[in-house]
Amino acid sequence: MKEIVSNLRSDFLWGSASAAYQIEGAWNEAGKSPSVWDEYVRIPGTTFKGTTGDVAVDHYHRYKEDVALMAEMGLKAYRFSIAWTRILPKGRGEVNEAGVKFYSDLIDELINNDIEPLVTLYHWDLPQCLMDEYGGWEDRQIIDDFNEYASVLFERFGDRVKYWISLNEQNVFVSLGYQLAMHPPGVKDTQRMYNVNHIANLANAKVINTFHDMVPDGKIGPSFAYSPNYAKDSNPINVLAAEKAENINAYFWMDIYLWGRYPKSALRYLEEQGITLDIQSGDMELLASAKPDFLGINYYQTNTIAYNPIDGVGVGKMNTTGKKGSSGETGVPGHYKRIVNEFVERTNWDWEIDPKGLQVGLQRITSRYDIPVLITENGLGEYDQLTEDGKVHDQYRIDYLQSHVAALNEAVANGTELLGYCTWSFTDLLSWLNGYQKRYGFVYVDKHEVEEGTLERLKKDSYYWYQELIHSHQTK
């Protein structure tokens, strides 16, 4: 495998990732208060077969077992999120020491096994009490409350944690929560989505500045869900549609993170849509002052774009069932639409498998921003089946990851500064809207729908492949 990692740095962070709500369980233990996800999943019809994270894969009680599996694999880094509701059950104010102790013990366990902890401040589990009090991300009060929460973490863990991710997939949680009504709070209002997004940008900027004051020898950056856009063909009308999609759906976020300003073309698009941004005195100065040390990228697929006529498709159907081919085209009438790319394969959830797209995205980021990149998520969600002898032969996952690692290697050869690669995920976990049927992990967890299963951990074939890949890189 040495040929696919030959360009990667010797201290490359070979990692894997998770999120608190998706793995921990213990949703109401040891002083933890409910998050918006704890409440949202109790609304009938919101998740596949009504699955919840009440138990998830019980990482809260089994973290030592999970870290031992990471150590056996030779993992160099583990990215996990901290549940705001475990640290500040009221959203601010009194610190829950039991919550601090859990994460402190986890961090120590990782370090004792030579695994670099990468901490995500926010992976979507907003305290429900803040949503009830003032609407959460819809009110500027969240900026100070998020900063207070983050400051507690920097103070308690900043001596041991070098790498921090501020917001996970801001573009996803604002759009699915406030435009498509598929995540909490289940709103369909594009103007409100852009209001929330601007406030989240300000919160992100403030936290980055606070971090640099409190942990001057650490590194922090947001994690962005990036799906590079291709034009369907060389027809100029499709090329321009793809350019517009890239500006509106990618640069609109990354330009703010790295340059502190919104792209002019995206602002003009919003103006045409009748959407305004509530930019107040001092906002743009704050955004420009925050300088991330790296950009986290969650990469799963690309988008192929064609011009969408004014009477064309709008919001299409998302595949959350695993029935291949059940998703539909989606777009903005008069501007662009996402179509099927006939040159790549697709998963059972209609996610396009495009490793070269990862190289394309990294090279675009390097050319535009010239900033180090950390791959904070990349992986394959599929149906995994146990054989009669208790094995999981997931060669399809090995093929997927190997091709994406090769693309990373090529991007580095072309100038990208890459800090590490975190697969999604280490163990199987709860896939937000898809329940436990959609599996991503190196480690199979005996957990099924309607809370069935023993929670036993079993190493898949991909576990041994990644173990060998890490070893191969160390001895290259």
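This is a predicted model: local features need pLDDT of at least 70, side-chain atom pairs count only at pLDDT 80 or more; totals for chains, interfaces and linings use all residues.
1. Let's start with E377, which the unreviewed UniProt entry lists under "active site". E377 sits in strand β13, residues 373-377, and counts as buried at 4% relative accessibility.

2. The surroundings of E377 are worth a look. With N298, the side chain of E377 makes a polar contact of 3.1 Å.

3. Next comes helix α7, residues 141-157, which spans 25 Å between its end C-alphas, close to the 24 Å expected. Twelve of its 17 residues are buried, including I142, F146, Y149 and L153.

4. One of the buried residues in α7 is D145, and its partner in a salt bridge is R92, with the closest N and O atoms 3.1 Å apart. R92 belongs to the loop between α4 and α5, so the pair ties together parts 53 residues apart in sequence. D145 is buried at 1% relative accessible area, while R92 is partly exposed at 26%.

5. D384 and K460 also form a salt bridge, at 2.5 Å from N to O. Both lie in loops, D384 between β13 and α14 and K460 between β16 and α15, so this pair ties together parts 76 residues apart. D384 is buried at 5% and K460 is buried at 0%.

6. Finally, D428 and R439 pair at 2.7 Å in another salt bridge. Salt bridges with shared partners join D384, D394, R397, D428, R439 and K460 into one network.

Terms used: Residues are numbered from 1 along each chain as its sequence is written. Side-chain values use heavy atoms; hydrogens and water are left out. UniProt positions are given in the numbering used here, feature names are shortened, and annotations may be inferred rather than shown by experiment. Helices (H or I, at least four residues) and strands (E, at least two) are DSSP runs, numbered from the N terminus. Buried means under 20% relative accessible area, exposed over 50%, partly exposed in between (1.4 Å probe, protein chains only). A polar contact is a pair of N or O atoms within 3.5 Å; within protein, one must be able to donate a hydrogen and the other to accept it, and residues adjacent in sequence count only if both atoms are side-chain atoms. The expected span of a helix is 1.5 Å times one less than its number of residues. A salt bridge is a side-chain nitrogen of Lys or Arg within 4 Å of a carboxyl oxygen of Asp or Glu.
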